Amino acid sequence: MIQTFAHYGCHLLLPLFVALIWYKSQWKYAFLVMLAGILIDLDHLLATPIFDPNRCSIGFHPLHSYFAMTFYVCLLIPKKSRLVALGLVIHMIADVVDCSFM
């Protein structure tokens, strides 16, 4: 139960916190863009089985690889891609938290 709360709490509350603190005037837009980072979980459709509660996503799925994570961090540099990158990096943080419970 605590693993589920920590994982989904990071997916939802961390982007909301970032949006409210650093994007006050456009917090709803920033929150939605960062929340869209969840879409990288579409790479789970490539796995068999699609969902395995005992599998760590980090390093297993293509969009959760260390190469991809390096790319997401690099996307933080340009201002135009920063919100999307924040969503992706926050997603990776949430998945690392999830993996830490395994």
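At what angle do H1 and H4 pack, and how far apart are their axes?

Modeller: Happy to! Please keep in mind that this is a predicted model. H1 and H4 pack at an angle of about 160°, and their axes are 9 Å apart. Angles over 145 degrees count as roughly antiparallel, so H1 is roughly antiparallel to H4. Their crossing is right-handed.

Now for the residues in that contact. On the H1 side you will find Gln-3, Ala-6, His-7, Cys-10, His-11, Leu-14, Pro-15 and Val-18. Facing them from H4 are Leu-86, Ile-90, His-91, Ile-93, Ala-94, Asp-95, Val-97 and Asp-98. Sorted by class, the contact of H1 with H4 has 10 nonpolar, four polar and two charged residues.

Two of these residues, His-7 and Asp-98, lead us on to the largest pocket. That pocket has a volume of about 440 Å³. It is lined by 20 residues, and the closest to its centre are His-7, Tyr-8, His-44, Phe-51 and Asp-98. H1 and H4 each supply at least two residues of the lining, and the largest share, five residues, comes from H1. By class, the lining of the largest pocket divides into eight nonpolar, seven polar and five charged residues.

H4, which spans residues 82–100, has another partner in helix H3, residues 66–74. Here the packing angle is about 140° and the axes are 8 Å apart. H3 and H4 are therefore oblique to each other. H3 passes H4 in a left-handed crossing, whereas the crossing of H1 and H4 is right-handed. Met-69, Tyr-72 and Val-73 of H3 make the contact with Ala-85, Leu-88, Val-89 and Met-92 of H4. By class, this contact of H3 with H4 has seven nonpolar residues, with no polar and no charged ones. The contact of H1 with H4, as we saw, includes four polar and two charged residues.

The peptide bond from Thr-48 to Pro-49 is cis, with omega near -5°.

How values were computed. Residues are numbered from 1 along each chain as its sequence is written. This is a predicted model: local features need pLDDT of at least 70, side-chain atom pairs count only at pLDDT 80 or more; totals for chains, interfaces and linings use all residues. Side-chain values use heavy atoms; hydrogens and water are left out. Axes are lines fitted to C-alpha atoms, for helices over the stretch in contact, and angles run from 0 to 180 degrees between N-to-C directions. Helices (H or I, at least four residues) and strands (E, at least two) are DSSP runs, numbered from the N terminus. Angles under 35 degrees count as roughly parallel, over 145 as roughly antiparallel, 65 to 115 as roughly perpendicular and the rest as oblique. A crossing is left-handed if the near helix is turned anticlockwise from the far one by less than a right angle, and right-handed if clockwise. Contact means heavy atoms within 4.5 Å. Ala, Val, Leu, Ile, Met, Phe, Trp, Tyr, Cys and Pro count as nonpolar, Asp, Glu, Lys and Arg as charged, and the others, Gly among them, as polar. On a 1 Å grid over the protein atoms alone, a cavity is a set of points where a 1.4 Å probe fits but cannot get out, and a pocket is an open set with protein on both sides within 12 Å along at least five of seven lines; lining residues have an atom within 4 Å of a point. Grid points are joined across faces, edges and corners, and a volume is the space filled by probe spheres set on the points.
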